[in-house]
Amino acid sequence: RCLMKAVVVTDQAAGTAGMALVERPKPEAAGNDVLVEVHASGFTPGELSWPSSWTDRLGRDRTPSVPGHEVAGVVSALGYGTRGLSVGQRVFGLTDWTRDGTLAQYVAVEARNLAPLPGDVDFTVGASLPISGLTAWQGLFVHGRLQSGQRVLVHGAAGGVGSVVTQLAREAGAYVIGTGRAADRQAAIDFGAREFVDLDNDVLEDAGEVDLVFDVIGGDIAKRSARLVRAGGTLVTIAGPPEARPADGLAIDFVVEADRTQLGEIVQRVRDGRLRTVIGRVADLDDAVTALNPTERAKGKTIIRVRTGFLGQDTTDLIDPRHPGVAKGPHRS
């Protein structure tokens with residue numbers, strides 16, 4: 001079988017420090033899969049604490065495993081019975097938690113987990129969208145049932161997920177109160193927050209009653225936030241089962257799921273400038289281990305560029321500064 005380069009992990013205790021770049025067999029597309037030639041990959045450091053990074057669905061050890069679950073690339077082969085995508089098509093999406101991931105030159109993915117990536121959206125941007133975009137969409141609209149005119153408290157409003165939550169909620173007509181550290185205030189306002197609570201120095205309770213809390217922190221902040229939810233409101237969280245529930249409302253913790261239709265909604269907003277993601281460092285696969293072990297806290301998501309992408313060129317120079325995240329393409333000046 002052909003070999004490919006991939007980042008693997010073998011030691012759960014070592015975390016990202018245990019990553020290594022190796023050669024391993026190129027995967028094959030099983031039934032209903034596509035094989036994606038990876039152009040860019042997103043990685044969430046927290047995933048190395050998830051059991052699914054180390055064991056399969058039956059709990060069996062699956063190391064050495066390839067991390068990374070966000071992908072943008074090109075379909076290179078179709079598995080038996082696969083429909084809806086074609087060889088040569090640009091795609092992006094969220095790969096299965098218990099299978100080898102996207103920090104590699106190729107990844108086998110269930111076709112239903114992918115969506116078409118329009119030609120004017122850079123692969124680097126496509127790889128930054130699935131987790132933050134789908135988490136925000138599902139928390140707000142599927143679980144939170146957000147309505148125009150509602151008050152929404154968004155924790156970490158300048159962060160990877162929170163910044164997308166803030167933008168989508170504002171676009172949906174909500175009044176957004178963002179939280180974070182003092183240094184995040186201007187970024188949160190720029191993303192669409194009408195008010196900002198500095199969690200180190202301001203009083204959270206001064207935000208007043210809200211219809212929806214989007215929590216990414218958990219712990220004491222989530223407990224105090226639950227008390228702010230008005231009757232019939234909802235606290236949604238991605239920080240695990242909440243310790244406190246609203247007195248007369250819902251508390252929902254959820255794990256993000258792949259969804260082709262939602263990915264399409266998200267990428268359309270990127271194309272027309274309504275949504276942007278925060279991309280920090282962009283590094284090549286050969287430098288991935290170093291890039292994913294930063295010496296200081298990085299702002300924005302680290303993206304590993306596995307191949308040069310847009311029209312065969314290196315893509316970082318092609319991002320339109322007026323719409324960060326949209327490449328200058330046939331529809332852009």
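Of the contacts in the protein with a separation of 6 or more, 63% join residues 24 or more positions apart, a contact being heavy atoms within 4.5 Å. The structure is a predicted model, in which local features need pLDDT of at least 70 and side-chain atom pairs count only at pLDDT 80 or more, while totals for chains, interfaces and linings use all residues. Residues are numbered from 1 along each chain as its sequence is written, and side-chain values use heavy atoms, with hydrogens and water left out.

Turning to the overall fold, the protein has 7 helices and 15 strands; these are DSSP runs numbered from the N terminus, with at least four residues for helices (H or I) and at least two for strands (E). The radius of gyration is 20 Å, close to the 20 Å from the globule rule for 333 residues, so the protein is as compact as a globular protein of that length. This radius is taken over C-alpha atoms, and the rule is 2.2 Å times the number of residues to the power 0.38. Along its principal axes, the C-alpha trace spans about 60 × 50 × 40 Å.

Next comes burial. Buried residues form 50% of the 333 residues (buried is under 20% relative accessible area, exposed over 50%, partly exposed in between, with a 1.4 Å probe and protein chains only).

Ala-14 sits in the loop between strand S1 (3-8) and strand S2 (20-25), and counts as partly exposed because its relative accessibility is 27%. Ala-14 lies 34 residues from Leu-48 in sequence, and their C-alpha atoms are 9.3 Å apart in space.
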